[in-house]
Each structure stands twice: as structure tokens, then as C-alpha cells.
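Let's take a friendly walk through this structure together. Have a look at it first, and then we will go through it piece by piece.

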Amino acid sequence: MSAELILETISITKNYFGDKSTGVNNITVFIPKGKITAIVGESGSGKTTLLKLLSGDLQGDSGDVFFHSQPIPLRSEGYKPEHAAITMVSQDGRDMDYSESVWYNVSAGLPTEDINYQVQKTTQALNLLGIYGLKEQPFGKLSGGEKQRVTIAKALINRPEVLMLDEPFNQVDANYRENLQHDIRQIVKESGVTVILVSHDPTELLSMADELIVLKEGEIVENGAPEKLYHSPKLLYTAKVLAACSELSTEDAAVCGIKSKRSTVVVYAEHISIGGMGSKKWTVKQILFKGFYEELVIERDEVPLRVLNYERGKYKVGSKLAIKIEKYYEFGKYLS
Ligand SMILES: Nc1ncnc2c1ncn2[C@@H]1O[C@H](COP(=O)(O)OP(=O)(O)OP(=O)(O)O)[C@@H](O)[C@H]1O
């Protein structure tokens, strides 16, 4: 049985100033209830525009948006209950009072002045995000990650049906990010809230999302389960959005020992193993610190490849390596 839908767009188009190269064109999407849907794509591909159309923040030039099968009312035309049911989490702390406490800011999200109700709901929301201990702290003095948790707690306090997060982990450092991602997944599981998130970061999308929508130049080019899109991307564009990878021409691929008749070969960094029996023909050119692992840029005959190295510190710039490419993807020129 297919999942119940909560939001959908039918052939929605929104071009800014009538310019077809901006905004989104003719988009039909179905957002399943109680799941995490991620909208991904390069900068300017229309992710935020689609989010705003889905939330009633923006009116399409043509097409429809439905919430529970009813047309979504526009926010600019006055408050409707649907607007409270769909909450957008702003990443810039715009709705927050920086000099006031976490408690004050989160409880301000409640429409009532009933103190008992406020205490109960605010305590619940702070506990849900693991920030009860910060309740007395002024919002302005928190770290980026803590601020983000407070913002989400405030958004969740009225139990919206849909939570929209635009680049939610931008300000959050890597360690904290995994915890927050885990907590959001947990909240979705426990509360049944539907989450739609927009992000650039492939790692957070792949570990969090149930569904991915890939946008390119205002159009959907692929959609489906993250594992499917990651392991079998139909388009070069999708592979590049989702994975740390190297894009090779047919000639460059030959240097890597790959014979291909297609115009482009893509190798994911994680599909290259270092070492083995081969001769050490690759030179380390750059070492990028990634926390518990490193990303190496290696080169042979001026062909660069990105490789993951989990034995941190083992190689230096100039070290010679042998590699083995375990898997690669081939794309013809019409699959870019
Ligand atoms: N208010 C606006 N007025 C004019 N053009 C706009 C406006 N908002 C967005 N655009 C244009 O529409 C296109 C899509 O923008 P949008 O912000 O939806 O993309 P995005 O994928 O969210 O980008 P990013 O990842 O950089 O935030 C871009 O070309 C952008 O310049």
C-alpha cells in the first residue's frame, strides 16, 4: 500500500519576473505523511522556491498545491489553520529575541497564556530537543547548533503536521549535527510529523531522508529512495549532488584503468581502496581533514581522483600510492 499523502503539487510553476530560467517549472511532487522528504540540487535549482510554494508562502503562476487534498491557502491572504499546521523553521533566528532566555523564546511560540499549559508544553519541547538544561540561557549566547535546536523546539511546540527545514544544519558542527539528525528522525518516528528539508549536504540527506527529490534548473530530474539514487543514479548530476566523487572524461578514465565508451565516468571516493598489489603510480596532492577520516586528492598523469583514507596521518603530500577502483558509473552525454 502506498503512503498517505499530506502535500502535493500538480504542475506548479513559479518564475520570478516571468523569467523561465528562475524559480520552478511544471513541478508535480507528492509528499508522504510522517516521512522525511529532502529536496536537493545545486544552488539556484529552485529548492527554496518549491518549499515556499508548498507552505503557501508563495503563489504559483500556474498549477496547484494541495494540503490534505485541499488547495493550500496563501499566507499573504490572512491567517488560516493550515498555516499553523505547516511550520517553516527559519535558519537565521529571525523570530527569536536574542536577549531573552531559551524558555521565553520557546514558550512564546504558544498562543495561550495558561501558565500550566505553557510549563507543560515548553518542558516537553525542550526535553524533546535535549535542551532543557539551557532554559535559563539567553538565546543570543548559544552556539549555532544550540540555537538551531531552540528554533526547532519552538516550531514543534504547537505540534505542527509539517515541519519545513531550510538548510537546517548550516550552523551546526559535525559532531552535534549527527545528534541533531538522530533526534529529528526520532521525533518523526514518535510524533508522526512530516518533515521536508532542503539541504546541500549529501551526507545529511542520505542518512536522514526517506525520499529524495532532485531538482535541476527548476525541474525534477530524479526522485526516490536515497539508497536507490545514491547507488544507481540515472544522471551524472544526481551522482555529483549526492556523493563525493571524481568526474572523468573517457581519456581520463583510461588513465585510471577504466575502458569506457560513454562520455563521462564517475568514481565515488568511497569506491576506491588504497593499497593492494598494483604499482604506486598515484601521488598525493592534497589532504583534506574530514574529522575521523581524510579525503585525499591524488593524481596520475594530471588526472585527479578523490579518495577516502581512514588511516589518518599515514600519507603526506607527495606520498606514492597504489589504488584499486571497486566500482564506477558511466554516463552518456544525454545523461548529464
Ligand atoms: N525573490 C526572488 N526574485 C528573483 N529571483 C529569485 C527570487 N528567489 C529566487 N530567485 C531565483 O530563482 C532561482 C531559484 O532560487 P531558489 O532560491 O529557489 O534556489 P535554491 O535551490 O534554493 O538555491 P540555494 O541553494 O542557493 O538557496 C534562482 O535563479 C534565484 O536567483
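We begin with a helix. In H5, the buried residues (those under 20% relative accessible area, with a 1.4 Å probe and protein chains only) are Gly 145, Gln 148, Arg 149, Val 150, Thr 151, Ile 152, Ala 153, Lys 154, Ala 155 and Leu 156. That makes ten of the 13 residues of H5, so the helix is largely enclosed by the rest of the structure. Helices here are DSSP runs of H or I with at least four residues, strands are E runs of at least two, and both are numbered from the N terminus.

This is a predicted model, in which local features need pLDDT of at least 70 and side-chain atom pairs count only at pLDDT 80 or more, while totals for chains, interfaces and linings use all residues. Residues are numbered from 1 along each chain as its sequence is written, and side-chain values use heavy atoms, leaving out hydrogens and water.

What do the buried residues of H5 pack against? Their partners, with heavy atoms within 4.5 Å, are strands E6 (86–89) and E7 (162–166) and helices H3 (102–107), H4 (115–128) and H6 (174–191).

Now turn to the ligand. Among the 13 residues around the ligand (a heavy atom within 4 Å), Ser 43, Gly 44, Lys 47, Thr 48 and Thr 49 come nearest. Ser 43 places a polar side-chain atom 2.5 Å from a ligand oxygen atom, a polar contact being a pair of N or O atoms within 3.5 Å. A backbone N or O atom of Gly 46 lies 3.0 Å from an oxygen atom of the ligand.

Note on methods. A polar contact is a pair of N or O atoms within 3.5 Å; within protein, one must be able to donate a hydrogen and the other to accept it, and residues adjacent in sequence count only if both atoms are side-chain atoms. Buried means under 20% relative accessible area, exposed over 50%, partly exposed in between (1.4 Å probe, protein chains only).
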